[in-house]
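This report looks at salt bridges and at one helix pair. Keep the model open while reading.

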Amino acid sequence: MTDHQVHALPNGIRILFKHSPSPITHCCFVLNAGSRDELPKKEGLAHFIEHLLFKETERRNTPQILNRLELVGADLNAYTTKEYTCIHASLLKQHLERTVDLFEDILFHSTFPEDEMEKERGVILDEISSYLDQPEEAIQDDFEEYLFKGHPIGNNILGTPKSVGVLNGADIKQFITANNNTHQMIFAVYGDYDFTKLVKLCEKYFGSVPENTNQKQRIAPAPISRGIYILKKPISQTHCIIGGRAYPSAHQNKYGLLLLNNVLGGMGMSNRLNLEIREKHGIAYTIESNYTSLTDTGIFSIYFGTDAEKADKALKLVHKELKKLRENKLGAVQLRQAKEKFIGQIALAEESRMSLIISMAKSLMDFGRIDSLEDIFAKINSVTAEDLLEISNEIFDNDRMITLLFEPK
């Protein structure tokens, strides 16, 4: 038996429901449209639209939108990624209809008035500036730009001051028409409801949304070659990212790489990079590795920040750890402990119910199914030491990785 239910409305919008006896409800509306779907010179458009959804609609002005849920103590927010736009809310269970009503209004009846566009343009330009003032954030964006050079995935989600400065109403209309396919929209609810009544509520508000069957054409990025890039910045520390392309979300090796990433530099203080570079040598406050999977590619990266005179040593130590994983299989005890640690972390993460329902919605979007925790744990437990060795030699191959350094001027 599954622990969730799914219903598709005639216009294609899917309703995903997971029951919880809690008086608190978490819900999200996920659209399969993100920054990679923007046309050239329209960088930042998906994020711009996300901001503007909280402005005027045909029935509400900005204060009415912002107060609609806040007045009952609910929390409303949104974010944009390379591939998705997500609006989410946490609320007391009795306020679900109020929330569904607001979601339908801002998603399908926003008017995008010129004066609000100008105000929000200024807000986003400030947001871009704030990220540029944080080298640990800016280096990630620049790294992805080098990693996917010339491809929309490499573009900054926020856009650039130049691109954001010229976005207009016609751009917004074009993007929404081209990308907001109703068959690639999911409204997900985690709460204490009768599913039949929930479906009727969704039919009341989302049932009249016009069907949109436009199909986007996402092109996979072309291969890249190894490279080392050094940028001089007005900063006091050296910041570094090493990494490369990785497996897409449906790849059979995804869970192996997730496990390997956790061993190398994942959550907690006992990963290899932290023990070697921070605890043993004391030359970096923050060092971590990350793996993000997209529908047709993935991103693996290692980040650290350190004093300029220690950067070379830190870089050598990182490569030393990568070489160990390429050349030496994990022992039986090491592999068992790595799996237990990772499975435990995933189980604890399930306690974040908002994160869980968003993750379920994305899984339904990408794969047409949602794996149970038991399924996920089984996939992790099926990973062998030989698998990890093979993955290490593919993903951590020096000829497939790029290095980006922000050095003090």
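## Salt bridges and a helix crossing

A search of the whole structure, which is a predicted model, turns up 27 salt bridges. Three of them are set out here.

| Salt bridge | N to O distance |
|---|---|
| Asp37 and Arg218 | 2.8 Å |
| Arg60 and Asp101 | 2.8 Å |
| Glu118 and Arg121 | 2.8 Å |

Start with Asp37 and Arg218, whose side chains meet in a salt bridge. This pair links distant parts of the chain, 181 residues apart. Asp37 sits in the loop between strand 3 (24-31) and helix 1. Arg218 sits in the loop between helix 8 (195-206) and strand 7 (227-233). Is Asp37 buried or exposed? Its relative accessibility is 12%, so Asp37 counts as buried. Arg218 has a relative accessible area of 22% and is therefore partly exposed; the cut-off for buried is under 20%.

Both residues also belong to a wider group. Arg36, Asp37, Glu83, Arg218 and Asp296 are linked in a network of salt bridges.

Next comes Arg60, which forms a salt bridge with Asp101. Arg60 lies in the loop between helix 1 and helix 2 (62-70), while Asp101 lies in helix 3 (residues 96-108), so the pair ties together parts that are 41 residues apart in sequence. Arg60 has 10% relative accessibility and counts as buried. Asp101, at 9%, also counts as buried.

Glu118 and Arg121 both lie in helix 4. They are three residues apart, about one turn of the helix. Glu118 is partly exposed at 42% relative accessibility. Arg121 is buried, with a relative accessible area of 7%.

Helix 4 also packs against another helix. How do helix 1 and helix 4 pack, and at what angle? Helix 1 (residues 45-52) and helix 4 (residues 114-132) pack at about 120 degrees, and their axes are 10 Å apart. That angle makes helix 1 oblique to helix 4. The crossing of the two helices is right-handed.

Which residues make the contact? Helix 1 supplies His47, Phe48, His51 and Leu52. Helix 4 supplies Glu116, Met117, Glu120, Arg121, Val123, Ile124 and Glu127. By class, the contact has five nonpolar, two polar and four charged residues.

Terms used. Residues numbered from 1 in each chain as written. Predicted model: local features only at pLDDT ≥ 70, side-chain atom pairs only at ≥ 80, totals over all residues. Heavy atoms only, no water. Axes fitted to C-alpha atoms, helices over the stretch in contact; angles between N-to-C directions. Helix = DSSP H or I, 4+ residues; strand = E, 2+ residues; numbered from the N terminus. Parallel < 35°, antiparallel > 145°, perpendicular 65-115°, else oblique. Left-handed = near helix turned anticlockwise from the far one by under 90°. Contact = heavy atoms within 4.5 Å. Nonpolar A, V, L, I, M, F, W, Y, C, P; charged D, E, K, R; others polar. Salt bridge = Lys/Arg side-chain N within 4 Å of Asp/Glu carboxyl O. Buried < 20%, exposed > 50% of the residue type's maximum accessible area, 1.4 Å probe, protein only.
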